[in-house]
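The following exercises ask the reader to work from the coordinates to a description of local geometry. Each task is followed by a stepwise solution.

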Amino acid sequence: MGRLALPLLAQRGHLLLWSPVCLGLGIGGYFSLLQEPAGAQVGLAGAAALAGLLLARLAGEGLAPVFAALALVLFGGVLAWARTADVAAPVLGYRYYGPVEGRIVDIDRSASDAVRLTLDRVRLGDMAPARVPERVRVSLHGDQRWLVAEPGLQVMLTANLSPPPGPVEPGGYDFRRQAWFDRIGAVGYTRTPVFAMAPAENSRAGLVMFRARVALSAAIRERLGGQPGAFAAALLTGDRSAVSERTLEDLRASNLAHLLAISGLHMGLLTGTIFAAIRALLALIPWLALRLDTRRLAAVVALVAGAGYLGLSGGNIATERAFIMVAVMLGAVLIGRRAISLRAVALAAVIVLVRRPEALLSPGFQMSFSATTALVAVFGAIRDGGGFGARWPAPLKGVAALVISSAVAGAATAPFAAAHFNRIADYGLIANLASVPVMGLWVMPWALVAGVLAPLGLSWLPLQIMGWGCAWILGVAAWVAGLSGAVTHVVSPGPWVLPVLAFGGLWLVLWRGGGRWLGLGGLVLALWLWSGAERPVLLVSDRGGLVGLLGPEGRALSKAKGESFTAEVWLENDGDGARQEVAAARMAAAEGGVLRFEAAGHAVVHVSGRGAAARAGGLCGEGLLIVSVEPKPPVEGDCDLWSPSRMRDTGALAVMQDGKLVTAADRAGRRPWAP
C-alpha cells in the first residue's frame, strides 16, 4: 500500500486541479444513463458521497485523495440530477395548431434564416395552465410587415407547435435535452401575421438589459452598415441575427467562428484592456500611485466592467463561463495570488459545473476549458523553464507568443471542434494569426473607447474605426475560406472518444511525476477509436420520409429536397461534404414512389409520395417496409413495418453494419427530456 500511495503523495498541492475532473465524471455518468435514477438511488449516492468525504478526513495521506475523488464523482451525479429536477417545466405532448399568446423574451434567427421569437407567459387556446409550456420558440414565415419585434412585447399569433425534436439519428445530438434546461417546452412556426397585444413598456420587467442590448445592436448596425456592422453588433451584444449565412460559413471554414461567440477571448480582451488602462492612468498621478494598490483598484474596475458586459451580451452560458473565469483570475489579483494559473482555471470550472452541470456537454465548455488549460500549462512550463528569447526584441517576443498561443489553442480545441462540427479548418492557424491580433489590438480597444464616449454622443468615430478592423477580419475569413482544401470533413466519433481524449489530455497536464506520460496512451486510444468509428448502413428519419443508404460514393438520399436539416446532419456525421441534391443523385431511381434496396442483409422497401398509403398494402414481403404515411388499408404480411405511428415512439431508425436495428429511443433511454 505504501508504494501505491507514493504517486498520490506526489500530487500534494495539486489535488484541487482534479476537482472539476471528478465532478465532470459524475455529471457525465448521470447524463449517460438510459433510465432516470429513482430518488432512493440518488439519496444513497449522496450518503455515499458524504461518507467518502468523512473517510477522506480519517484516512491517511495516501488514501485520502481516493475517497475525496469518489465523493466528488458521486456529488457530480447528484448535482446533475438536482439541476434536472429544478428546471423541470411542462413539455407539449402532441402537435398543436391554434392561438398562441406570449411575451417576447428573445429574438434570434433559425437555421433557415427566419426571425425566431422565444415567448414566456404563454397561453395556448383553452389548454389548462398547468400543461402549458413555460417557454415556446416560434419561427416567423410569411408576411410580417405589421410586427416590429422588441423585448417585452406581448404578441398573439396562430402557430404550429410540437414537442422539441429528438435526435435525427440514434445516438445523435438531442435538442430535447438542451430545450429542457432552457425550459422550452414547444417549438414551431407560423405563416400567418403576428400581432402586438400590448406595448413592450407594459411588460418590460426583468428585460431592461435585453432591451438595451437590442437597442445597442441596432445602433451599431445602423452606424457601420453591412456585414461589418452585423459582425460588430455580434461582438459587443451577442446579437447575431443580422450576420448572413455566407459570413457564418466563411467564419466556420476559416476557424474564426469563435470570434462571434462572446466567450473567454472577448471577456479577457475587454477586462485586460481596462485593467491595463486603469493602471496606466493611475501611474500618471504619482500621489495616487504611491498610496494606492493600483493593481487591486484596476482589478475591481475591470471586474465591474466584465459584469456589465455579461449582462449586456445576454448572459448566455458561454459568456457566463467566461465571466466566471475572469472573475476568478481578477479575484486572485485582489487577494495577492497569481492571476493566471491552473488553480484559477480549475476553480472556474468547478463554479460553472456547480451552477450548470449540463454545460459539461456543450461544445463551448469543452473548447473553452481545453484551450485555457492548454495555454496556461504551456506558458507556465515556458515561464518555469526561464522563458524564451530573453535577448529578443519586444516585437519579436510578441510575435512568438502569438504563434505559440494560436497553435496551442488550435491544437487543444481541434478534436472537440471536429467531433461536434465534423470539420477541420486546415488554414485556421493562418486565419487566426491574421485576425486575433486585430481583434485584440484594434477592435476591442476601439469598442471600449466608443463605450466611454457614448454618453457624450461621440461614439460614432471610434465605432467607424472599429468597423475597419471588423471588415479586415471578415475579409480574412472570406479569403481563407476560398482557398482550395480549406475544410476537411471528419466522421463523427463514437460515444467514448471524447471522454477518453479529454481524460488523457487532462492526465498529461495535471498529473505530477513520470506517470503523466500515461496520458499519451489515452490520446492514442481515443484517436484509434475514432479511426474505427462505425456509421449506420441505413438511416431513416423519424417520420419515415427520408432514408439514407451508405454506399461506395457516400450516403445516397431518397430525395433532393425536404427534411434538409436531417439530411445535412447525416452527411456531416458521415464526414461527407456533399449537398443534399448531390447525395440524392447517388440513389437509384424510384419506381412509382417505391425504392427497393438491400442494407446489411435486410431487404428494404421505402414508399413515399402521393398515393403511398394505398400502395404500401401490397408491398409487405420479407424485410423492412418503411412508409412515410400511415398505410390504408392496414398492411398485412410478414414484413417489419415502420410507419409514422410506430416511429412517433421510436424516433429515427438505423441499420448498423452488423444488421442490428437501433432506434433513437434505444440510445436516448427514458429520461425527463426523452419520455
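Predicted model: local features only at pLDDT ≥ 70, side-chain atom pairs only at ≥ 80, totals over all residues.

**Exercise 1.** Carry out the corresponding analysis for arginine 121.

*Solution.* Arginine 121 is found in strand 2 (residues 115–124). Although arginine 121 is not a glycine, it has a positive phi of about 50°. Its relative accessibility is 47%. This value falls between the limits of 20% and 50%, so arginine 121 counts as partly exposed.

**Exercise 2.** Describe how helix 6 and helix 7 are arranged relative to each other.

*Solution.* Begin with the axes: those of helix 6 (residues 208–224) and helix 7 (residues 226–237) come within 8 Å and cross at roughly 150°. Angles over 145 degrees count as roughly antiparallel, and helix 6 and helix 7 are therefore roughly antiparallel to each other. The crossing of helix 6 past helix 7 is right-handed. Next, list the contact: helix 6 contributes Arg213, Leu216, Ser217, Ile220, Arg221 and Leu224, while the residues from helix 7 include Pro228, Ala232 and Leu236. By class, the contact of helix 6 with helix 7 comprises eight nonpolar, four polar and two charged residues.

**Exercise 3.** Characterise the surroundings of histidine 258.

*Solution.* Histidine 258 sits in the loop between helix 8 (245–253) and helix 9 (264–283). With a relative accessible area of 32%, histidine 258 is partly exposed. Leaving aside residues up to four places away in sequence, histidine 258 touches Ser263, Leu265, His266, Asn432 and Val436. A C-alpha to C-alpha distance of 9.7 Å separates histidine 258 from serine 368, 110 residues apart in sequence.

**Exercise 4.** In what order do the five strands of the open sheet lie, and which are the edge strands?

*Solution.* The order is 11-10-9-16-17, with antiparallel pairing. Strand 11 (554–557) and strand 17 (661–663) each pair on one side only, which makes them the edge strands. The average twist from one strand to the next is 20°. Within the sheet, strand 9 (residues 538–540) is joined to strand 16 (residues 653–655) by three bridges; valine 540 has leucine 653 as its bridge partner in strand 16. Finally, helix 20 (residues 564–574) lies across strand 9, strand 10 (547–551) and strand 11, running at about 165° to strand 11.

Technical notes:
Residues numbered from 1 in each chain as written. Heavy atoms only, no water. Axes fitted to C-alpha atoms, helices over the stretch in contact; angles between N-to-C directions. Helix = DSSP H or I, 4+ residues; strand = E, 2+ residues; numbered from the N terminus. Parallel < 35°, antiparallel > 145°, perpendicular 65-115°, else oblique. Left-handed = near helix turned anticlockwise from the far one by under 90°. Contact = heavy atoms within 4.5 Å. Nonpolar A, V, L, I, M, F, W, Y, C, P; charged D, E, K, R; others polar. Buried < 20%, exposed > 50% of the residue type's maximum accessible area, 1.4 Å probe, protein only. Pairing = 2+ DSSP bridges.
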